[in-house]
Amino acid sequence: MITLNQTTFLSNSSTLSGVSSLQRKVCSVSIVATLSSSNNKNRADNKVRVLMENTMKEIKEGVSALDFDSNTTVAGGVRDFYGEDRATEDQLVTPWTFSVASGYTLLRDPHHNKGLAFNQNERDAHYLRGLLPPTVATQALQEKKMMHNLRQYQVPLQKYMAMMDLQERNERLFYKLLIDHVEELLPVVYTPTVGEACQKYGSIFMRPQGLYISLKEKGKILEVLKNWPEKNIQVIVVTDGERILGLGDLGCQGMGIPVGKLSLYTALGGVRPSSCLPITIDVGTNNEKLLNDEFYIGLRQKRATGKEYAELLHEFMCAVKQNYGEKILVQFEDFANHNAFDLLARYSTSHLVFNDDIQGTASVVLSGLVASLKLVGGTLADHTFLFLGAGEVSFCLPLHRISYPLL
């Protein structure tokens, strides 16, 4: 537990920069009250009484305790579902204390748990004595052990479940494995294994790995977003589960796709895991097999469409911007064609949005074609292309000299 003292906090002008003088006095009251146990009680009480009397006097004269200086906020904003958008305004953060998990709680925190890698000094500092076996294992040894265990599994889904379990126990070790063995483990945590995992998600579900927003949360989506423990979110990958890979409508069980995609963002793109948020929008499913499956974890109803669907997605997009700011990236993943293009067209001018199935696939294929011109010569206009498939963006091959690698 770290506590700021009176001298450090009150004398540091940068700590409360952008805060009105009245706010400084209100904050000072709280600080002095907190410090009353360490200073002389009578002197502390006198300070509190004087500061409170001065503060109340200014309030009675018409000064609001919540007033900010004019140069600290962004005036105006765009009206949205929740009213005026103030996501870009500077928010006052009062750093009274900073708590660090310790003991048994630390070992159950995947973000900070290192397992046997805690050294002797760390075990003393974080009250871990007796909670771990006496040996200390380096992360390299843990990595070697985990890869040995993974290679014992013959079924890809078993490897997937083992990796997801590791992610929920020791996040650092999970990403260490994924980064160092990306060619071997990428097909495990994402395609093709993630497809089977989504099909059987209800049966293998152990603990939630993202946010589930269903029709039951309509009108309360902003509250749902605030339930997520991490606040500094930069990337959201969201799906409604209607077109999961080539497997069709998997409803709520499509959560495996956002989880897997964001794992790659961290391992290959360097995005902090705490800045990533996987979300599934559950509006039902038209998959009769899932509706009759006793282990299905989603809404047991036919998929909502039309106005009901549009209103839920609109509330979601507005709530995201309201809660995380206008710079949050929202990636639409595995939406059906009829919704994917509409969502891009509707929100591309007001939100930072991206559809990997449309824009991602197209950009990769185009970059491959441009690179192939260095081998085959000529320009794109000199070649004829064959489109193969029926996804959002079909894969294409030039009919001339296709023996050269394109990607």
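The largest cavity of this predicted model is lined by Tyr160, Met161, Met164, Glu168, Tyr201, Ile204, Phe205, Met206, Arg207 and Gln209. A cavity is a set of points on a 1 Å grid over the protein atoms alone where a 1.4 Å probe fits but cannot get out, and lining residues have an atom within 4 Å of a point. Local features need pLDDT of at least 70 and side-chain atom pairs count only at pLDDT 80 or more, while totals for chains, interfaces and linings use all residues. Residues are numbered from 1 along each chain as its sequence is written, and side-chain values use heavy atoms, with hydrogens and water left out.

**Cavities**
- About 140 Å³ of space lies in the largest cavity, a volume being the space filled by probe spheres set on the points, which are joined across faces, edges and corners.
- Helix H7 (156-169) and helix H11 (201-204) each give two or more residues to its lining; helices (H or I, at least four residues) and strands (E, at least two) are DSSP runs, numbered from the N terminus.
- H7 gives the most, with four residues.
- The lining divides into seven nonpolar, one polar and two charged residues; Ala, Val, Leu, Ile, Met, Phe, Trp, Tyr, Cys and Pro count as nonpolar, Asp, Glu, Lys and Arg as charged, and the others, Gly among them, as polar.
- The count of cavities of 30 Å³ or more comes to three.

**Sheet and packed helices**
- Five strands form an open sheet in the order E5-E7-E6-E8-E9, with parallel pairing; two strands pair if DSSP finds at least two bridges between them.
- Strand E5 (211-214) and strand E9 (352-355) stand at the edges with a single partner strand each, so one side of each is left without a neighbour in the sheet.
- Strand E6 (235-239) and strand E7 (276-282) pair over five bridges, and Val235 stands opposite Cys276.
- Helix H13 (256-269) lies across E6, E7, E8 and E9, running at about 165° to E7; angles run from 0 to 180 degrees between N-to-C directions of axes fitted to C-alpha atoms, for helices over the stretch in contact.
- Helix H15 (306-324) touches E5, E6, E7, E8 and E9 and makes about 160° with E7, contact meaning heavy atoms within 4.5 Å.

**Backbone exceptions**
- Most residues other than glycine have a negative phi, and most peptide bonds are trans.
- Tyr127 has a positive phi near 55° and is exposed (over 50% relative accessible area, 1.4 Å probe, protein chains only), at 62%.
- Asp334 also has a positive phi, of about 55°, but is buried (under 20%), at 1%.
- A cis peptide bond joins Thr191 and Pro192, with omega about 5°.

How values were computed
1 Å grid on protein atoms, 1.4 Å probe; cavity = no way out; pocket = protein on both sides within 12 Å on 5 of 7 lines; lining within 4 Å.
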